[in-house]
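Here is a short report on the pockets and the ligand site. The structure comes first, then the notes.

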Amino acid sequence: MSSDTPDPALFDKIVNLSKRRGFVFQSAEIYGGFRSTYDYGPLGVLLLRNVKDAWWRSMVQLRHDVVGLDASILSPPQVWQASGHLANFSDPLVDCTNCNARHRLDKLEDPDTCPTCGETGTFTEARDFNLMFKTQAGPVAETAADVYLRPETAQGMFINFANVLTTSRKKPPFGIAQIGKSFRNEITPGNFVFRTREFEQMEMEFFVPPSESTEWYEYWCEQRMNWYLDLGMDPNKIRLRAHDDDELSHYSSGTSDVEYLFPWGWDELEGIANRGDYDLTQHAEHSGEKLDFFDQANNERYTPHVIEPAAGATRTAMAFLMAAYDEETVNDDTRTVLRLDARLAPYKVAVLPLSKKDTLTPTAHEIFDIVKGRWMADYDETQSIGKRYARQDEVGTPYCVTVDFETLDDRAVTVRERDTRAQDRVSIDQLESYLADRLD
Ligand code: GAP
């Protein structure tokens with residue numbers, strides 16, 4: 001398979017691996033499963049956390065001009081009135097009168113033919129279906145107030161603009177970053193965790209002087225592409241696609257999507273948008289608060305423009321899984337290996353005593369104690385060593401450390417590298433620095 005064509009067979013392999021090895025489970029599976037909702041298992045939670053940590057490190061920790069935020073998921077209708085979500089955040093929904101299937105009109109190849117039953121001319125009139133989840137705060141009674149689960153993390157940053165500006169002593173250009181859950185009542189969720197009703201986003205709002213917005217937009221497009229490439233994405237499977245004019249939101253003067261070549265074709269991982277002063281102006285008008293900036297150096301007051309790189313954490317974690325998946329033939333056997341960048345790998349190290357014999361256990365525990373404080377490590381003493389290597393390859397563990405009977409004499413262990421399967425004999429005294437040279 002050439003690297004720049006989609007690989008449809010990869011989809012089932014990733015879904016199977018996710019279930020079999022504990023990356024992702026269907027939610028409420030013991031009750032028959034809750035459609036389009038997923039739980040991240042012991043390995044999935046580590047992968048997802050590593051994706052979010054890599055984003056936070058690059059977007060917040062390594063920068064002097066971006067600060068973090070963790071805003072509430074529940075918010076009152078005023079926020080969504082001002083943002084335009086109550087009026088506009090909807091998809092056109094059609095029902096097929098022949099088979100009762102529901103579809104998003106804008107996603108149909110032929111707007112008159114139902115892809116479920118193949119009948120033509122059976123759709124109802126399109127209705128706008130608002131994607132926000134609504135609930136009530138307080139006991140459900142006459143006094144209960146409507147509230148919404150946020151459909152994006154972005155509004156938390158806009159409504160806290162003045163709070164952050166005054167408390168952090170930042171001034172434009174500066175950004176506010178946030179990672180968290182968002183909720184959309186998608187009409188057609190699907191493709192595993194690609195489109196779900198509950199998902200995680202990694203968003204940053206970068207507030208800039210209006211005259212600098214184009215420059216910063218281009219800067220962030222480049223930065224964000226580099227982030228994926230630096231973490232090991234194949235350059236043939238990732239691209240930046242500028243939106244055509246008819247795709248742009250009415251307030252956006254430029255949007256580009258970072259797209260990945262999924263098994264079903266190119267699809268979005270992240271949108272980078274030049275949002276102008278739309279959001280701050282809307283919230284200033286609706287709240288009556290001043291959401292602008294006084295630039296003392298130039299003696300002028302202005303409403304900053306916003307550049308927004310908005311990525312999906314859950315979607316990106318799946319893309320990294322797909323990008324890392326590899327099968328190779330070794331001695332007539334197929335070896336499955338996840339060639340994940342070590343920063344994303346769920347476990348960095350696995351400690352494997354050659355046998356379960358009591359004589360090896362104390363030393364194996366000693367090795368686990370050496371590595372566990374610094375790296376997420378697995379400890380596995382069951383099955384043959386070959387099977388245990390295969391298990392670790394399949395979940396992307398970069399280094400396996402084997403404790404054998406010789407270890408008891410020479411105080412050295414065998415370290416096996418995932419991609420090359422090369423083995424080194426390393427003295428226990430040197431193990432931490434050996435791994436640090438390769439992992440940190
Ligand atoms: N604040 C702008 C915003 O939310 P978006 O393009 O609607 O923009 C940003 O969402 C990213 O969030 C998307 O590129 C995608 O990665 C992720 N995302 C959006 N809807 C999703 C869904 N239903 N399931 C999983 N990820 C989703």
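## Largest pocket

α4 (85-88), β5 (90-95), β11, β13 (254-262), β14, α8 (278-287), β17 and α9 (313-324) each give at least two residues to the lining of the largest pocket. Helices (H or I, at least four residues) and strands (E, at least two) are DSSP runs, numbered from the N terminus. β14 supplies the largest share, seven residues.

The volume is about 1,600 Å³. Of the 50 lining residues, Phe89, Arg184, His243, Ser249 and Glu268 are the closest to the centre. A pocket is an open set of points on a 1 Å grid over the protein atoms alone, where a 1.4 Å probe fits, with protein on both sides within 12 Å along at least five of seven lines; lining residues have an atom within 4 Å of a point.

## Model basis

This is a predicted model: local features need pLDDT of at least 70, side-chain atom pairs need 80 or more, and totals for chains, interfaces and linings use all residues. Numbering starts from 1 along each chain as its sequence is written, and side-chain values use heavy atoms, without hydrogens and water.

## Ligand site

The ligand takes the space of the largest pocket (more than half of its atoms lie within 2 Å of the grid points). An oxygen atom of the ligand is 2.5 Å from a side-chain N or O atom of Glu268. A ligand nitrogen atom lies 2.8 Å from a polar backbone atom of Thr196. For Phe194, a backbone N or O atom is 3.3 Å from a ligand nitrogen atom.

Conventions: A polar contact is a pair of N or O atoms within 3.5 Å; within protein, one must be able to donate a hydrogen and the other to accept it, and residues adjacent in sequence count only if both atoms are side-chain atoms. Grid points are joined across faces, edges and corners, and a volume is the space filled by probe spheres set on the points.
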